[in-house]
Amino acid sequence: MVPISYRRSSQFLISIARRLFESLLTAWAAVTFTFLALRMSAGDPVGVLLSRGLASPADADALRIQLGLNRPLATQYVDFLSGLPGGDLGQSLYTSRPVADIILEQLPYTLALAGLALVITLVLSVFLGIGAAWWQRKPVGRMLQSVSGTAIALPVIFVGTLVLWAFRAIVTSGFLHLPPTGFQLFIPALVLGFSNSGGIAWTLQAGIQENMQAPFFLAARARGVRNGLPLLWHALKPALPPAVSLFALEASFLFTGTVVTETIFARPGLGRLLVQSILDGDFPVAQGLVVVAAFVYTVSLGLADICSYFLDPRIGREV
Amino acid sequence: MIRRILAIIWLSTILAVAAAAPLLTVYDPVQPAGGALESPSAIHPLGTDNLGRDVFSRLVYGSRMSLVMAGMAGAIAVVFGSLLGSWSAVSRRQVDAVLTWSGNVLLSIPGLLLAMLFVASLGTGALTVTLAVGISAVPGYMRVARTLMKQIRQEEYILAAEAIGASSLRIAWRHIIPNARPRLQVLATTQLAWSFVNTTTLSFLGFAGDPSTPEWGAMLNTGRGFLLQAPHLALIPGLAISLTILALHALGTTSRSHTTI
């Protein structure tokens, strides 16, 4: 553990505050980039409605004024940024509903899927990573390693379709009765959790294997630390910080994962909303979703770094 | 070693198939050639899809689109990523800081999401998907290239070259680039695998425009609607995508063990 004196020292607090500030700064830059990327697009957003015959030129002008698109870019940007803390993300081009409401409405579906997937990722990656490292010379270990390798390499679009097909076939054959909720939630979460677990499992495995060759591990053995869990813990603990960072990374990657799984399993949620808003050209909704995702992503990465300060005292001191 | 050989066999097969597509197929990939959802038979070796188009023809022609999209996206990432990365590594501290920070900002948006942002900005279509996947992978490649070049610049043989008065251009051309190449090649292979994943995924999601154009990701998406009646419609393109990605990964990891990154 981190020495108490160090954890309380102001230097430590400063490094945490600095990391938080950094992640907020990055989040701001990412939000700005999203805003600019969508404004700099070849055609203006309302033009999409025009080209699809969904609005007359007069309607389009009215809509431009309503959305404030006729104003200078800088004014739009200031308005957009000042709306963010209050949760104002603009309104949909099609339904004129506030984007924040639309997102909140779809959020529970994605949260349920992503939450369950995260638990599955955690369990699977810990099992696969530790197992593969501990039994590295046995066939079991190699098998576990190739399972996580498969999880990394196989694209979610294929794994998802394969699993969907298998379960549809099983259910229609009447062999197994699955409650519809289980089918709607558990199976997509399983696909997502499995796909995300590979990378973490490999990191964990590589870390443990490296630590098992380090002098401190030999010292622990020499001191007579019992083989099995106590010895495993010596190799595992220093391997945790990178795995935790990667886990946070995967947690925020879950959003892109849900884009695909929600489409495959025809589930409602934010991912589907994003795909649909891009296909429809509903730019305020797409912008709102990317902004929220970028924000969640950067902040959770920052938090993961702070977690690793606690897990490995060496990291905090280097900052 | 076996993995490497299998990977090379698979990749050269699909490259050959893509090149020789008109010689291998009888039916037009976009015109109906029989009844809808026919099972595999002697006439249609992989059956027909929901619009009666020959699946084998679509698979063969689809390899062209999938490979070109992924290849171009990968090339964009590798070329611009290594250019920006080496620029960042050799320039003054302020320039380096600005480039690194901009890269980190872009990296703070997950790759597929960034690509989708570009699609939202540029509009749907095969070309924009390719550009979007390529551009969104540049910052990641740039970061790795920069770290690599920085490492090499600190080596003693660079110092030795500087000491005997070699020009910076000569140092870059004779020392840094040759030493960075093997590792950059490995990264390029992995990059190609990710480009393949992302382009097929975006086209699966319907961003590549006209769904009648044969492309593996779009074929998988179409087949998804007919999983029970005709599972091969989705599973065959899905398998083709997965094998290609596995092969690219296998090539990347085995050559890594040869060059010890």
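Let me start with one definition: a residue counts as buried if 20 or more other C-beta atoms lie within 10 Å of its own. With that in hand, hello everyone, and here is the model, which is a predicted one.

Just after α7(B) comes B:Gly165, with a positive phi of about 85°.

Let me step back to the two chains. Chain A has 15 helices and zero strands, and chain B has 10 helices, again with zero strands. If you read chain B along its sequence, you get α-α-α-α-α-α-α-α-α-α. The C-alpha atoms of chain B fill a box of roughly 75 × 40 × 25 Å along the principal axes.

How much of each chain is buried? For chain A, 37% of the 319 residues count as buried. For chain B, buried residues make up 47% of the 261 residues.

Now contacts along the sequence. In chain A, take the contacts with a separation of 6 or more: residues 24 or more positions apart account for 76% of them. In chain B, among contacts between residues at least 6 apart, 67% join residues at least 24 apart.

On to where the chains meet. Here 41 residues of chain A are in contact with 37 residues of chain B. On the chain A side, five helices each supply at least two residues: α2 (10-39), α8 (156-172), α12 (240-264), α13 (270-280) and α14 (283-311). Which of them gives the largest share? That is α8(A), with nine residues. By class, the side of chain A that touches chain B has 31 nonpolar, nine polar and one charged residues.

Next, the largest nonpolar core. It has 142 residues, and A:Leu289, A:Ala294 and B:Val119 touch the most other members. Its largest share, 15 residues, comes from helix α3 of chain B, residues 55-90. Let me zoom in on A:Ala294. Leaving out residues up to four places away in sequence, A:Ala294 touches A:Ala27, A:Ala30, A:Val31 and A:Thr34, and across in chain B also B:Ser108 and B:Ile109. As a general remark, in soluble globular proteins nonpolar side chains tend to be buried together.

The crossing of α8(B) past α9(B) is right-handed. Who meets whom? From α8(B) we have B:Thr200, B:Thr201, B:Ser203 and B:Phe204, and from α9(B) we have B:Trp216, B:Gly217, B:Ala218, B:Leu220 and B:Asn221. By class, that contact has four nonpolar, five polar and no charged residues.

Still in helix α8 of chain B, have a look at B:Pro178. Buried or exposed? B:Pro178 is exposed, because 10 other C-beta atoms lie within 10 Å and the cut-off for exposed is 12 or fewer. The C-alpha atoms of B:Pro178 and B:Thr244 are separated by 29 Å, and these two are 66 residues apart along the chain.

B:Ser12 sits in helix α1 of chain B, residues 2-19. With 11 C-beta neighbours inside 10 Å, B:Ser12 counts as exposed too.

Last, some backbone angles. Most residues other than glycine have a negative phi. A:Ser96, although not a glycine, has a positive phi of about 60°. A:Ser96 lies in the loop between α5 (73-83) and α6 (99-134) of chain A, and counts as exposed, with 10 C-beta neighbours inside 10 Å. A:Ala266 is not a glycine either, and has a positive phi of about 50°. You will find A:Ala266 in the loop between α12 and α13 of chain A, exposed, with 12 other C-beta atoms within 10 Å.

Terms used:
Residues numbered from 1 in each chain as written. Chains lettered and ligands numbered in written order. Predicted model: local features only at pLDDT ≥ 70, side-chain atom pairs only at ≥ 80, totals over all residues. Helix = DSSP H or I, 4+ residues; strand = E, 2+ residues; numbered from the N terminus. Contact = placed C-beta atoms within 7 Å. Nonpolar A, V, L, I, M, F, W, Y, C, P; charged D, E, K, R; others polar. Core = buried A, V, L, I, M, F, W, Y, C linked by C-beta atoms within 7 Å. Left-handed = near helix turned anticlockwise from the far one by under 90°.
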